[in-house]
Amino acid sequence: MTTNRLTKSAAVLMMLATGVIATGCAKDNSNESALSNLKFQETETSKLDKGMVNQPESSYWFPKDFLAWSFDKDPDAKFNVGSVPLAKRVDKKELPTSNDSQDKNMNVVALSIMNNSTSGNAPHGINTFDANVFSYWQYVDQMVYWGGSSGEGIIVPPSADVIDAAHKNGVPVLGTVFFPQLAHGGKIEWLDEFLVKDADGNFPAVDKMIEVADAYGFDGWFINQETDNEVESFDDVKDGKEEKKEKKDDENGFSKKHADLMRELIAQYEAKAEDRLDLMWYDSMTVDGEMDWQNALTDKNKDYLVDADMNPLADTMFLNFWWNTDKFAKDELLKKSNEKAKKENIDPYSLYAGIDLQGNGFATPVKWDLFMDDKGTPYTSLGLYVPSWTFNSSETADEFQEKEGIFWVNGKQDPRDSTLPKGEEWPGISTFAVEQTAITTVPFKTNFSLGNGYNYFINGEKVSAMNWNNRSMQDIMPTYRWEFDHGKGNELIPSMDYTDAYNAGNSVKLRGKMAKGETTHMNLYRSEIEIPEGATFTSTAKATEETSLDLVLTLGDDKKETIKADKKIGDEWTTVTYDMKNVVGKTIKEMAYDITSDKESHDYELKLGQLAILPKEEKVDMAVKDLIVEDTVFDEEETNFTGVRMSWSEAGDEKVDYYEIYRINGDDSRSFLGATPTTNHYINALERNDDTNKTEFEVIPVDVYGRRGTASEKVAMEWPDNSIPKASFKASRTLIAPGDEVTFTNTSSQNAESIAWDFVGGTPEKSDQDSAVVKYEKEGTYEVKLTAKNESGENIAEEKNFITVTKDAKGELPKLSEGATAEASSFVNDGEAPEFALDSKLDTKWCAVGPAPHDITVDLGQVDTVSEVKMSHAEAGGEGPDMNTKAYKIEVSEDGKEYKQVTRVINNSAGETTDTFAPVEARYVKITLDKPTQGADSAARIYEVSVYGMKK
């Protein structure tokens, strides 16, 4: 999250020691807030949302880099540490079921794409709304953070915010070790590097897997080994109809030795990790060293779960998807897997039947009769491959939440209505999976935050209009979505509201019809909480009509206790309190509301902002110390934006729930920049908001009661002086014939108040417009000069011999790179070699991986006059715009040894670029990509390079 230029009309707020924003004087108490009597101005929307070059990045590695990794030497490492320990869940055997088909033995694993790329991911979110804020954790026993690519990295731990969100809900999360098929850029050498042993027989990879998991705080690894000598992929196998390709003969290629080493590595991992870390194996490589997906537990893959002496190896196995195809239906592979597992003394529910959901989500046909017996009992656990389809296929937040409800619950979005599926229809995961809970201790507090928002609210007041996401700030969402028992005439439809919240970014909105005096019962949470003496239970909500929001608790003896709120809910955020004296020392198993409107309404609306069970308040001494700005990077063109890394330490009683980060403005008001449970933070694209060349920050601790402790000492960062504008321009063409026109465009910095062009030899000769069309009548070479001015001074951009006018340039310039050759610093494979950047096709490309920079050199075959280079970047080839090259330079040479730079581009985002420069004699054109994408992905993707000019 960042802040932008502040408007004079921004709201001025006062925050009291209790954390409630209001106007007036602060209370005089011992917990007086660090924000008492301070003015606040609403943070505006960001003008930039892409990560700047110093953005901390979630880790990803190729094997060599992985084995060489050290926490102390990785500047991003501390940002990647999850801050939430794994919460303990209630034993599943003790939970009630919502419907008759839920099975307490069966588990669910989600192999989920939580970030859309392997690289470039901010560990704790950034100033964009767009994020997969998955929140149906109650149906998941384990999550695999699905990632890895041959172009970015193949060993990928979970990002810190995913660790935090999962752990808050009691869900272990695994990183991914992914060895791609050769057809997808995989390399045998990566497998060899990973499976290397030292002189003592130890696998360095095992030690590093444990080291990384312990350092970042996640729970184990998923190993997906699919690299083979065969060029085969999932695309080659559809509906179980394989087209096996001839296996390459390569004595250094994939063989049984890899399978043997992998089993040995797994055994060593299990011995060293003990019971602290899990390992899930994917049904791909057989014990004979072949890529032969079994789609079941068989003699060819069982030895990855148990060794010859029946000692356990991998904890679980994800079975390939083809059990669900017509070809294998008659084989009843899951039933046989169940039988095989029992015979081998393996828990059949340690096997996860894979369902590929990436393409069609809940429209995927599933042969459920192969998954369960005739009584509806599953043969194995359930493995969901890319259930994040719900996010990736949605265009709006509302669509995403609706699809999530259908996917995880059912079409009615009420788990009580789940029934066993008929045919291949999607029944919803709640049909099989019991709703689980990690709500087992006091305090418990939720603001119903999903972990992203278009705004940010503190105690009901909007303090920021900045888009944001940080899944570390996600709350535990309702266990039951959604269970209503409506009184006569009542009908409420739930949704997530992003326009209004009590704290963070959203609230639960109930909208519909309410009859006067009729009660709607809404079941919300499953728990196992014993209420201590002095505990308080509060709810914060608002409604369009005066409403009774009474609390209904299910106790340990299954008796229900209804507790009236101390007052009614009004049309402003209202906090109500419930008298807990009758439930002290008792265990709460379910929390629900009875909602009753005082008036009939056909357009009724209730918003739930907070639910809190808090122990008796104790005096705490929260403080922040040692706040430092560790690093700043400024945008290269205007220095109006910066990326800021900061960190601090905690002092006091260590009762901090999270921290708020603020900018201190020139009038001593505060602008909210973000919130985090960690002791470090990254501010992306912070905009300069005054002319002092200095910005001050402070960090404030907040406890679970909403009390704010002592702020850090203010820390300042300095901005470069950019008071004088920077002049720059571009031209549509630099090599023209007499009588041709050139369009010149001003690209000077935004602080230029006026510009003045000088076009020597052109018509007109002068202009003060941002865009000027100039005609040149006579042959020759001509200078162009642009002066940019403001009250602080002026700057001149001058290009001598910039425009060449010759009768030989009449008409369209020839494409000099037709028939040329190309070489590159590296390339992924023969199918993405440099020559594919010259083939005039947009379905082929040059691709290079590894750390930037990458370069490609075009050899024209002879020295010609070069004046223009066009490039087609990732988006032109059908990839995402985030993969377009951001920064590059173009150099030319006559001999291939001495190069001269003719163009430098530092902030491109387009899929197609045209760069013109003063005509120059050259045979070689070298393009160096020093920032190959818009984010941190370091892979180069160039689909076409075209060089234009004149033949000699």
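## A partly exposed methionine

Met-310 is partly exposed, at 38% relative accessible area. The cut-offs are simple: buried is under 20%, exposed is over 50%, and partly exposed lies in between, with a 1.4 Å probe and protein chains only. The model is predicted, so local features need pLDDT of at least 70 and side-chain atom pairs count only at pLDDT 80 or more, while totals for chains, interfaces and linings use all residues. Residues are numbered from 1 along each chain as its sequence is written, and side-chain values use heavy atoms, leaving out hydrogens and water.

Met-310 sits in the loop between strand 10 (278-282) and strand 11 (316-319). Its phi is near 65°, positive in a residue other than glycine. Most residues other than glycine have a negative phi, and most peptide bonds are trans.

## The chain as a whole

The protein chain has 10 helices and 51 strands. These are DSSP runs, numbered from the N terminus: helices are H or I with at least four residues, strands are E with at least two. The C-alpha trace spans about 95 × 75 × 55 Å along its principal axes.

Of the 952 residues, 60% are buried.

## Backbone exceptions

Ala-504 also has a positive phi, near 70°. Its place is the loop between strand 20 (491-497) and strand 21 (507-514). Ala-504 counts as buried, with 5% relative accessibility.

Pro-443 lies in the loop between helix 10 (397-408) and strand 14 (444-446). Pro-764 is in the loop between strand 39 (754-759) and strand 40 (766-767).

## Charges and salt bridges

The chain carries 103 positive and 169 negative charges, and their mean positions are 2 Å apart. Lys and Arg count as positive, Asp and Glu as negative; His and the chain ends are not counted. Each charge is placed at NZ of Lys, CZ of Arg, CG of Asp or CD of Glu. There are 49 salt bridges. Each one puts a side-chain nitrogen of Lys or Arg within 4 Å of a carboxyl oxygen of Asp or Glu.

Lys-78 pairs with Glu-630 in a salt bridge, with the closest N and O atoms 2.2 Å apart. Lys-78 lies in the loop between helix 1 (63-68) and strand 3 (108-112) and Glu-630 in strand 29 (residues 622-634), so the bridge ties together parts 552 residues apart in sequence. Lys-78 is partly exposed at 32%. Glu-630 is partly exposed at 33%.

Lys-367 and Asp-326 meet in another salt bridge, 2.8 Å from N to O. Lys-367 is in the loop between strand 12 (351-356) and helix 8 (368-371), and Asp-326 is in helix 6 (residues 326-329), so this pair ties together parts 41 residues apart in sequence. Lys-367 is buried at 13% relative accessibility, whereas Asp-326 is exposed at 57%.

Asp-485 is partly exposed at 41%, and Arg-416 is partly exposed at 32%. Elsewhere, a network of salt bridges links Asp-497, Asp-500, Arg-511, Lys-542, Asp-603, Glu-605 and Lys-607.

Lys-589 has no salt bridge, yet it is buried. Its place is strand 27 (residues 587-597). The nearest side chain of opposite charge is Glu-528, 4.5 Å away. Leaving aside residues up to four places away in sequence, Lys-589 touches Tyr-525, Arg-526, Ser-527, Glu-528, Thr-554, Leu-555 and Gly-556.

Definitions and conventions
Contact = heavy atoms within 4.5 Å.
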